[in-house]
Amino acid sequence: MIDVENLRVRFGSREAVKGVSFSVGQGDCFGVVGESGSGKSTILRVLAGLYDDWSGKVAFGGEAVGPRRQRAFFRKVQMVFQDPYGSLHPRQTIDRILSELPLVHGMDDIDGRILRALDAVALPRAARFRFPHQLSGGQRQRVAIARALIAEPEVLLLDEPTSALDVSVQAEILNLLADLRRERGLTYLLVSHNLAVVAHLCSHVGVMYGGEMVELTDAATLREGRVSHPHTQELRRLSVELEETGN
Amino acid sequence: MILSNFRSWALDEAPASRSQATWGSAYRVWLSLRRNPLSMIGLAIILAFVALSLAAPLLAPYDPAAQDLGNRLAASSGAHWFGTDELGRDVLSRLLYGGRVTLGMVVAVVVLVAPIGLGIGCIAGYFGGAVDTALMRLTDIFLAFPRLILALAFVAAMKPGVESAILAIALTAWPPYARLARAETLTVRGSDFIAACRLTGASPWRIILRHVMPLCTPSLIVRVTLDMSSIIITAASLGFLGMGAQPPSPEWGAMIATAKRFIFDQWWVATVPGIAIFLVSLAFNFLGDGLRDVLDPKGR
Amino acid sequence: MLAEIDNLRISFPTPSGFYEAVRGVSLKLGQEKLGIVGESGSGKSLTARALMRLLPSQARIEADTLRFDGIDILSASEQQMRAVRGKRAGFILQDPKYSLNPVKSIGALVAEVWRLHKGGSRREAMEAAINLLEQVKIRDPHRVAKSYPHEISGGMGQRVMIAMMLAPDPEMLIADEPTSALDATVQAEILRLIEELVSERGMGLLLISHDLPLVSHFCDRVMVMYAGRVVEELAASELSSAHHPYTRGLLDCIPSLSRPQERLSVLNRDPAWANP
C-alpha cells in the first residue's frame, strides 16, 4: 500500500532524512520509532504532502506521487497529529472542523457523515457544536481521528497520536485505533517514541536514528529482544527496565 | 414569550441543527457583550449618533447652510443651543448634518481599508517567499510617506470632494493593517491545524479566507477602533486644506479647522464638534475592546 | 522534617462558585525521594506550587499545616518566601527552553545565580559555574558555558537548569515533570543525575510526574493523586502490590513490550474514588 524508496529530505544544509526505504502492505500497521530529531516525523509529513523539498520515490497503492498532491489524494490518505490542542482550529466548532473536507470535495449528506464519524469515534453527538477548548484532551484526539475518517481514507498517518495524553486516555485511543483498523481495513503508519505503543499496535517496526532507518524488524522479534542495532537495544532496555518496576 | 422561547432555543446545550448552533453562539456573543458595561456604553453612544445623524432633517432647527451674517459667532442661547459659527450658521444643525458626512466617511474608509489590509497581510504571510517580499515592499513604500502628504497627493490628482478624500485616506491607511495581519498569519501558518486544513485538499485561497483571516480579525478590530479618531482627523485636515468635504457641506473636522482662528474668543464653535469627535472615538474604542474579548470563544 | 503539609485545600473562583482543585492533601518529606503521580488535573503540580507559594493570586489556599523547614508558608512574608524559593528549595520545570534567558550565555546564567546567593567576584562566579556544570556531568563545561540556550539540546538545557538550582546548595528539590519533554534515553540520564545529586548532597526530592513506573523507579515513596486527593501512598518497591483500583488501573492500561495484549485494559473510573 505504501512504498518508500531512498527518501531524502534536506533542511538547508542539514540532511534530515538520509535515504530511507520501506514498504507497508495493505491493511498492515507499520511503526517508526526514534528520538526527536531522528527524522521520523519528517517522513510522515513528506508522505502527507506537507513538505515539497524531497527526493526519492513515494507511492501509495502502486501510484507514485510527487511533491504536489491532487485533491483526490486526500480522500485516500489522512493524518492524525500529535498535539490535539494544536491540531484543531481554536475558533471553529467541531461541526465546522469536520465539515471542511466534505465541503472541499463536494460530498453529499454532510450532516449524516458528521454524525456517523462522531459515532465511529464514540463521541457524544452533543459535542458537535462545541469548541475544541470545551473538550478534554482525549475527546479532542477523537475529533482529530473523526476528521481523518470522514474522508473514508485507505491510509492513516499517525504522528505520535497518544504522547500528549494521560496513560488511561492513551489506552482508550489505542483501542479505538485498533478497532477502526480491523473494521475498515485501514493501513496505518504510526510514528512514536514509545516502543511499547508501537509494538502493541504494529506488526512491523522500523527504527530511525540520525536520519537513517537503522533496523527493520517485526513486533515479535522486538519483544523477544533479538535486535541487532545498539540504538534499538538501548531503547528496548529502557522500556523493559521501567516496565519491570510496575510488576 | 417569543423572546423567552428564543432564549431557551438558542442557549440549548445540544443544538439540533447548524442554524440553531449559529444563532446560539451569536446570542452568547451578545450576552457576554451585554455583561461588559463599557462596551455597552460605547455601543449606545454610537447608535445615538447614528440615529441623530439619520434623523437630522427632522431634528435640525435650521438649514445647516443658511447664513445669518448679522448673528455670527453668537453664544449659546434658546434659539441656537450651541451658538452660531463665523457665517452665522446654527452649530447644532451643522453638527447633526455633519455627522452624516463624518460618520459616513469613517465607515466607508474602514469598509475599504480593513479587507485590503487583511487580504494583503494574510496573503503575504501565508505564501511567504517572493510574494511576501513583493507585497511587503509595497507596504513599506506606502508606510514611508506621512499619511496626510500621500493623501493630499492622491486627492490633488483626483477632484477634491468627499469621495476622493475617502479613497485617499483608504489608500494610505491600509499598510499598518497589512503588517498586523501578516504578523498574525506568520504565527498560525506553521501550526498543526493549518496543516490539517491543507490535508483536506483545500486550496490556499480557501485556507486563507476561511481559516487564517478569522484568526486575524480580532486584533484588526481593535486596531481599527483605535484608528477611528485619526481617520476623522485626517479627513478634517483634508477638509481644512480644501481637499475634503467642500463648503458649505458640514463636516466635523472641517468645522473645527475653520473655528481654529477664534478658538480663544468663541471657544464653543470648535469645542462642540470636538466633543462629538471625542465621544465617537471613545465609543468605538470601548466597543472594540469589548468585541475583541467576546469574539474569542475561549473567553466565553 | 523539610516539608510538612496537612489537609491542604486549594480552590479557584469560577462563575459558579469556588472549584476545589486540591481537597485535603497531607504529606511529610524528609531527606528522601517522594514521587507524586497523577493524571492532568489531579492537583499534583498545585500541591508542589503551594509549598513554594507560587500559585496565581486568585487561588485560595487553606491548610492546617503548610511548613517548609519550620517556616509557616501561609503566614510568611514575601521576603521570607524569597529566601526559601531558589535558595533553600530549587524548582525544576518541564521545559528548559522557556526557562532560560535566550540572550545570555549558559555560563553567565549559572554564574549570575551563584553570585546572587553567594556574592563574590565575577571570576569566582564563573569558576563556580564551570564547577557546577561539571557536577551535572556536562562533558565539556568550558565550551558549553560559552554557548547560548538555543544552541544546546533539551537534555543539556535541563542539566543547565539543574546546575542553576544547585548553585545556592538547596536542601530540597522540587521537579515538576522534569523529563516529559525529553527522549527516553536522555530522560533516564537526567533522572539518574537528579537521583545521584540528591543522595550525595542529602537533599529532599519531590518528583512530580504522570508516569507511574518512571517515578517509582527513581523514588523511595510514591503518592498517587486522583481528583485532588491522595488515593494511595506506598513504598516504591511495593508498587506491584498496590491495592487501590485506580493505581492498579493506571498500571494495567500501559502497553507492555514484554507481554503482548490483544486489547489494552481501560480505566473504569469509579465516582467513589473522588469521594471516599
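Colleague: How many residue pairs are in polar contact across the interface of chain B and chain A?

Modeller: This is a predicted model, in which local features need pLDDT of at least 70 and side-chain atom pairs count only at pLDDT 80 or more, while totals for chains, interfaces and linings use all residues. Side-chain values use heavy atoms, with hydrogens and water left out. A polar contact is a pair of N or O atoms within 3.5 Å, where within protein one must be able to donate a hydrogen and the other to accept it, and residues adjacent in sequence count only if both atoms are side-chain atoms. Across the interface of chain B and chain A, with both residues at pLDDT 80 or more, the number of such residue pairs is 10.

Colleague: Which residue of chain A forms a salt bridge with B:D192?

Modeller: The rule, a side-chain nitrogen of Lys or Arg within 4 Å of a carboxyl oxygen of Asp or Glu, finds three salt bridges across the interface of chain B and chain A. In the one formed by B:D192 the closest N and O atoms are 2.9 Å apart, and the partner is A:R45.

Colleague: What area do chain B and chain A bury between them?

Modeller: Contact (heavy atoms within 4.5 Å) takes in 26 residues from chain B and 33 residues from chain A. Buried area is the accessible area, taken with a 1.4 Å probe, that two parts lose on being put together, summed over both. Of the area buried between chain B and chain A, 57% lies on carbon and sulfur atoms, and the value is about 2,700 Å².

Notes. Residues are numbered from 1 along each chain as its sequence is written. Chains are lettered from A and ligands numbered from 1 in the order in which they are written.
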